[in-house]
Amino acid sequence: MSAESKEEQDLLITLCLKYLLFLFNCLFWLGGAAVLGVGVWTLAEKSQYLSLLASGTFSASASILVVAGGLVVVTGFLGYCAVIREHRSCLSTYFCVLLLIFLIELVAGVLAYVYYQRLSQELKQHLSRTMTENYHQPGKEAITLAVDELQQDLKCCGSNNSQDWASSVYVATGQAEGRVVPDSCCKTVTPHCGRRHHPSNIYKGGCITKLEQFLAEHLQIIGAVGVGVACLQVRPDSVVTQRSESSGPSCAPGQEVHRQC
(Lines give C-alpha, C1' and ligand atoms only; values in the text may rest on other atoms or scores of the structure.)
Protein backbone atom coordinates (compact mmCIF):
# COMPACT_ATOMS: atom_id res chain seq x y z
CA MET A 1 0.00 0.00 0.00
CA SER A 2 1.40 3.40 -0.99
CA ALA A 3 2.00 6.18 1.52
CA GLU A 4 -0.73 8.26 -0.11
CA SER A 5 -3.31 5.45 0.14
CA LYS A 6 -2.37 4.83 3.78
CA GLU A 7 -2.74 8.52 4.53
CA GLU A 8 -6.20 8.61 2.92
CA GLN A 9 -7.22 5.53 4.92
CA ASP A 10 -6.01 7.12 8.17
CA LEU A 11 -7.88 10.32 7.40
CA LEU A 12 -11.06 8.33 6.71
CA ILE A 13 -10.69 6.46 10.01
CA THR A 14 -10.14 9.72 11.88
CA LEU A 15 -13.23 11.24 10.25
CA CYS A 16 -15.33 8.19 11.17
CA LEU A 17 -14.06 8.33 14.73
CA LYS A 18 -14.94 12.01 14.95
CA TYR A 19 -18.55 11.39 13.90
CA LEU A 20 -18.73 8.35 16.18
CA LEU A 21 -17.56 10.45 19.12
CA PHE A 22 -20.11 13.13 18.24
CA LEU A 23 -22.84 10.47 18.31
CA PHE A 24 -21.71 9.01 21.64
CA ASN A 25 -21.37 12.47 23.14
CA CYS A 26 -24.96 13.26 22.14
CA LEU A 27 -26.11 10.02 23.79
CA PHE A 28 -24.19 10.87 26.97
CA TRP A 29 -25.65 14.35 26.97
CA LEU A 30 -29.18 13.00 26.67
CA GLY A 31 -28.44 10.41 29.35
CA GLY A 32 -27.05 13.11 31.63
CA ALA A 33 -30.14 15.24 31.09
CA ALA A 34 -32.31 12.23 31.97
CA VAL A 35 -30.30 11.53 35.13
CA LEU A 36 -30.45 15.21 36.15
CA GLY A 37 -34.17 15.35 35.47
CA VAL A 38 -34.92 12.23 37.53
CA GLY A 39 -32.84 13.51 40.44
CA VAL A 40 -34.51 16.93 40.47
CA TRP A 41 -37.96 15.38 40.04
CA THR A 42 -37.38 13.02 42.97
CA LEU A 43 -36.21 15.80 45.28
CA ALA A 44 -38.94 18.21 44.20
CA GLU A 45 -41.87 15.79 44.04
CA LYS A 46 -43.16 15.35 47.60
CA SER A 47 -39.79 16.35 49.04
CA GLN A 48 -41.55 17.20 52.30
CA TYR A 49 -41.95 13.46 52.92
CA LEU A 50 -38.20 13.18 53.49
CA SER A 51 -38.59 14.55 57.02
CA LEU A 52 -40.65 11.45 57.86
CA LEU A 53 -37.84 9.04 56.95
CA ALA A 54 -35.25 7.88 59.45
CA SER A 55 -32.57 7.40 56.81
CA GLY A 56 -31.14 9.95 54.42
CA THR A 57 -30.41 7.30 51.76
CA PHE A 58 -33.43 8.24 49.64
CA SER A 59 -32.47 11.91 49.35
CA ALA A 60 -28.78 10.99 49.02
CA SER A 61 -29.49 8.78 45.99
CA ALA A 62 -31.45 11.55 44.29
CA SER A 63 -28.80 14.17 45.15
CA ILE A 64 -26.05 11.98 43.69
CA LEU A 65 -28.03 11.71 40.46
CA VAL A 66 -28.39 15.49 40.31
CA VAL A 67 -24.61 15.89 40.68
CA ALA A 68 -23.87 13.16 38.13
CA GLY A 69 -26.37 14.54 35.61
CA GLY A 70 -24.99 18.05 36.00
CA LEU A 71 -21.45 16.75 35.45
CA VAL A 72 -22.52 14.92 32.28
CA VAL A 73 -24.12 18.05 30.83
CA VAL A 74 -21.06 20.17 31.62
CA THR A 75 -18.64 17.46 30.46
CA GLY A 76 -20.45 17.35 27.13
CA PHE A 77 -18.82 20.65 26.22
CA LEU A 78 -15.41 19.14 26.94
CA GLY A 79 -16.30 16.21 24.72
CA TYR A 80 -17.25 18.41 21.78
CA CYS A 81 -14.09 20.46 22.26
CA ALA A 82 -11.96 17.32 22.31
CA VAL A 83 -13.61 15.92 19.18
CA ILE A 84 -13.40 19.13 17.16
CA ARG A 85 -9.76 19.80 18.12
CA GLU A 86 -8.81 16.10 17.92
CA HIS A 87 -6.56 16.68 20.92
CA ARG A 88 -5.61 13.36 22.51
CA SER A 89 -5.04 14.74 26.02
CA CYS A 90 -8.48 16.36 25.95
CA LEU A 91 -10.01 13.07 24.88
CA SER A 92 -8.24 11.29 27.75
CA THR A 93 -9.54 13.87 30.22
CA TYR A 94 -13.01 13.56 28.75
CA PHE A 95 -13.12 9.79 29.17
CA CYS A 96 -11.63 9.96 32.68
CA VAL A 97 -14.41 12.32 33.73
CA LEU A 98 -16.99 10.03 32.16
CA LEU A 99 -15.53 7.12 34.11
CA LEU A 100 -15.93 9.12 37.31
CA ILE A 101 -19.53 9.94 36.38
CA PHE A 102 -20.13 6.26 35.63
CA LEU A 103 -19.02 5.35 39.14
CA ILE A 104 -21.19 8.09 40.69
CA GLU A 105 -24.28 6.94 38.79
CA LEU A 106 -23.58 3.33 39.70
CA VAL A 107 -23.35 4.24 43.38
CA ALA A 108 -26.67 6.11 43.19
CA GLY A 109 -28.36 3.16 41.52
CA VAL A 110 -27.00 0.65 44.02
CA LEU A 111 -28.00 2.86 46.97
CA ALA A 112 -31.52 3.10 45.60
CA TYR A 113 -31.88 -0.67 45.22
CA VAL A 114 -30.37 -1.38 48.65
CA TYR A 115 -32.66 1.14 50.33
CA TYR A 116 -35.64 -0.30 48.44
CA GLN A 117 -35.03 -3.66 50.11
CA ARG A 118 -35.33 -2.25 53.65
CA LEU A 119 -37.87 0.51 52.95
CA SER A 120 -40.86 -1.36 54.40
CA GLN A 121 -39.12 -2.19 57.67
CA GLU A 122 -37.96 1.40 58.17
CA LEU A 123 -41.41 2.84 57.56
CA LYS A 124 -43.07 0.44 59.98
CA GLN A 125 -40.54 1.19 62.71
CA HIS A 126 -40.20 4.93 62.26
CA LEU A 127 -43.31 6.43 60.69
CA SER A 128 -45.73 5.38 63.43
CA ARG A 129 -43.52 6.82 66.18
CA THR A 130 -42.93 10.03 64.24
CA MET A 131 -46.62 10.64 63.67
CA THR A 132 -47.83 9.82 67.19
CA GLU A 133 -45.00 11.52 69.11
CA ASN A 134 -44.08 14.54 66.99
CA TYR A 135 -47.27 15.71 65.30
CA HIS A 136 -48.27 19.26 66.30
CA GLN A 137 -45.46 19.46 68.87
CA PRO A 138 -43.26 22.54 69.47
CA GLY A 139 -40.30 22.66 67.08
CA LYS A 140 -41.79 19.92 64.88
CA GLU A 141 -43.61 22.16 62.43
CA ALA A 142 -41.91 20.55 59.41
CA ILE A 143 -43.07 17.09 60.49
CA THR A 144 -46.60 18.37 61.16
CA LEU A 145 -46.79 19.91 57.69
CA ALA A 146 -45.34 16.73 56.13
CA VAL A 147 -47.90 14.51 57.90
CA ASP A 148 -50.80 16.77 56.88
CA GLU A 149 -49.71 16.80 53.23
CA LEU A 150 -49.02 13.06 53.31
CA GLN A 151 -52.50 12.24 54.57
CA GLN A 152 -54.19 14.56 52.09
CA ASP A 153 -52.10 13.60 49.06
CA LEU A 154 -52.20 9.84 49.65
CA LYS A 155 -55.74 9.85 51.08
CA CYS A 156 -54.76 8.03 54.26
CA CYS A 157 -54.99 8.51 58.02
CA GLY A 158 -52.49 7.37 60.65
CA SER A 159 -49.58 5.02 60.09
CA ASN A 160 -51.54 1.74 60.01
CA ASN A 161 -55.09 3.10 60.24
CA SER A 162 -57.03 6.02 61.69
CA GLN A 163 -57.14 4.37 65.15
CA ASP A 164 -53.41 5.09 65.59
CA TRP A 165 -54.19 8.72 66.41
CA ALA A 166 -55.99 7.69 69.63
CA SER A 167 -52.60 6.96 71.24
CA SER A 168 -50.87 10.05 69.88
CA VAL A 169 -49.55 12.89 72.04
CA TYR A 170 -51.65 15.28 69.95
CA VAL A 171 -54.95 13.64 70.97
CA ALA A 172 -54.00 12.36 74.42
CA THR A 173 -52.87 15.76 75.77
CA GLY A 174 -55.93 17.65 74.59
CA GLN A 175 -54.13 19.64 71.90
CA ALA A 176 -56.60 18.22 69.39
CA GLU A 177 -59.45 20.28 70.91
CA GLY A 178 -61.93 17.43 70.71
CA ARG A 179 -60.63 15.99 67.45
CA VAL A 180 -60.12 12.23 67.27
CA VAL A 181 -57.86 12.62 64.20
CA PRO A 182 -56.13 15.61 62.59
CA ASP A 183 -58.22 17.60 60.16
CA SER A 184 -55.92 16.41 57.35
CA CYS A 185 -57.54 12.97 57.68
CA CYS A 186 -60.83 14.41 56.44
CA LYS A 187 -61.96 13.79 52.89
CA THR A 188 -63.04 17.43 52.76
CA VAL A 189 -60.90 19.54 55.08
CA THR A 190 -62.78 22.07 57.18
CA PRO A 191 -61.97 23.48 60.65
CA HIS A 192 -62.43 20.80 63.35
CA CYS A 193 -63.68 18.24 60.85
CA GLY A 194 -61.49 15.67 62.62
CA ARG A 195 -63.97 15.50 65.49
CA ARG A 196 -66.28 13.19 63.55
CA HIS A 197 -64.78 9.71 63.29
CA HIS A 198 -66.88 8.24 60.50
CA PRO A 199 -65.88 6.53 57.20
CA SER A 200 -67.94 9.07 55.26
CA ASN A 201 -65.90 11.88 56.79
CA ILE A 202 -62.31 10.62 57.14
CA TYR A 203 -59.92 8.27 55.41
CA LYS A 204 -59.62 5.00 57.29
CA GLY A 205 -56.62 3.34 55.63
CA GLY A 206 -53.07 3.83 56.95
CA CYS A 207 -50.26 5.75 55.25
CA ILE A 208 -47.43 3.21 55.57
CA THR A 209 -48.50 1.06 52.63
CA LYS A 210 -49.23 4.02 50.36
CA LEU A 211 -46.03 5.88 51.25
CA GLU A 212 -44.02 2.69 50.73
CA GLN A 213 -45.54 2.31 47.27
CA PHE A 214 -44.85 5.97 46.43
CA LEU A 215 -41.19 5.80 47.54
CA ALA A 216 -40.65 2.40 45.92
CA GLU A 217 -41.74 3.77 42.53
CA HIS A 218 -39.23 6.62 42.85
CA LEU A 219 -36.44 4.31 44.02
CA GLN A 220 -37.01 1.93 41.12
CA ILE A 221 -36.74 4.82 38.67
CA ILE A 222 -33.59 6.16 40.39
CA GLY A 223 -31.97 2.73 40.35
CA ALA A 224 -32.92 1.96 36.76
CA VAL A 225 -31.77 5.33 35.42
CA GLY A 226 -28.55 5.37 37.44
CA VAL A 227 -27.42 1.85 36.56
CA GLY A 228 -28.83 1.99 33.01
CA VAL A 229 -27.10 5.21 31.99
CA ALA A 230 -23.88 4.08 33.68
CA CYS A 231 -23.88 0.86 31.64
CA LEU A 232 -24.62 2.88 28.50
CA GLN A 233 -21.52 4.96 29.12
CA VAL A 234 -18.95 2.30 29.95
CA ARG A 235 -19.10 0.23 26.75
CA PRO A 236 -18.83 2.95 24.07
CA ASP A 237 -16.13 4.74 26.09
CA SER A 238 -13.83 1.73 26.11
CA VAL A 239 -14.32 1.01 22.40
CA VAL A 240 -13.75 4.58 21.20
CA THR A 241 -10.79 5.17 23.54
CA GLN A 242 -8.96 2.06 22.35
CA ARG A 243 -9.57 2.91 18.69
CA SER A 244 -8.59 6.57 18.99
CA GLU A 245 -5.37 5.70 20.80
CA SER A 246 -4.43 3.14 18.17
CA SER A 247 -5.11 5.41 15.22
CA GLY A 248 -4.61 8.97 16.47
CA PRO A 249 -4.85 12.04 14.24
CA SER A 250 -3.15 11.87 10.87
CA CYS A 251 -1.11 14.60 9.25
CA ALA A 252 0.63 14.92 5.93
CA PRO A 253 4.37 14.24 5.90
CA GLY A 254 6.39 17.21 7.11
CA GLN A 255 3.46 18.85 8.81
CA GLU A 256 3.64 19.65 12.47
CA VAL A 257 0.60 19.19 14.66
CA HIS A 258 -0.41 22.20 16.76
CA ARG A 259 -3.73 21.48 18.42
CA GLN A 260 -5.02 22.84 21.65
CA CYS A 261 -8.17 22.06 23.59
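Tyr135 is buried in this predicted model, its relative accessible area being 5%. Tyr135 sits in the loop between helix 4 (119-134) and helix 5 (141-153), and its ring takes part in the aromatic contacts described below.

A pair of aromatic rings is described by the distance of the centres and the angle of the planes. Where ring centres within 6.5 Å define a pair, the count comes to 2 aromatic pairs. In one of these, the centres of the Tyr135 and Trp165 rings are 5.0 Å apart and their planes meet at 70°, so the arrangement is edge-to-face, given that angles over 60 degrees are classed in this way. This pair joins distant parts of the chain, since Trp165 belongs to the loop between helix 5 and helix 6 (169-172), 30 residues away from Tyr135. Trp165 is likewise buried, because its relative accessibility is 1%, and the cut-off for that class is under 20%.

Tyr135 also pairs with Tyr170, again edge-to-face, with 5.0 Å from centre to centre and 80° between the planes. Because Tyr135 lies in the loop between helix 4 and helix 5 whereas Tyr170 lies in helix 6, this pair ties together parts that are 35 residues apart in sequence. Tyr170, with a relative accessibility of 3%, counts as buried.

Taken together, the ring pairs link Tyr135, Trp165 and Tyr170 into a cluster, in which Tyr135 is paired with Trp165 and with Tyr170.

Notes. Residues are numbered from 1 along each chain as its sequence is written. This is a predicted model: local features need pLDDT of at least 70, side-chain atom pairs count only at pLDDT 80 or more; totals for chains, interfaces and linings use all residues. Side-chain values use heavy atoms; hydrogens and water are left out. Rings of Phe, Tyr and Trp (its six-membered ring) pair if their centres lie within 6.5 Å; planes under 30 degrees apart count as stacked, over 60 as edge-to-face and the rest as tilted. Helices (H or I, at least four residues) and strands (E, at least two) are DSSP runs, numbered from the N terminus. Buried means under 20% relative accessible area, exposed over 50%, partly exposed in between (1.4 Å probe, protein chains only).
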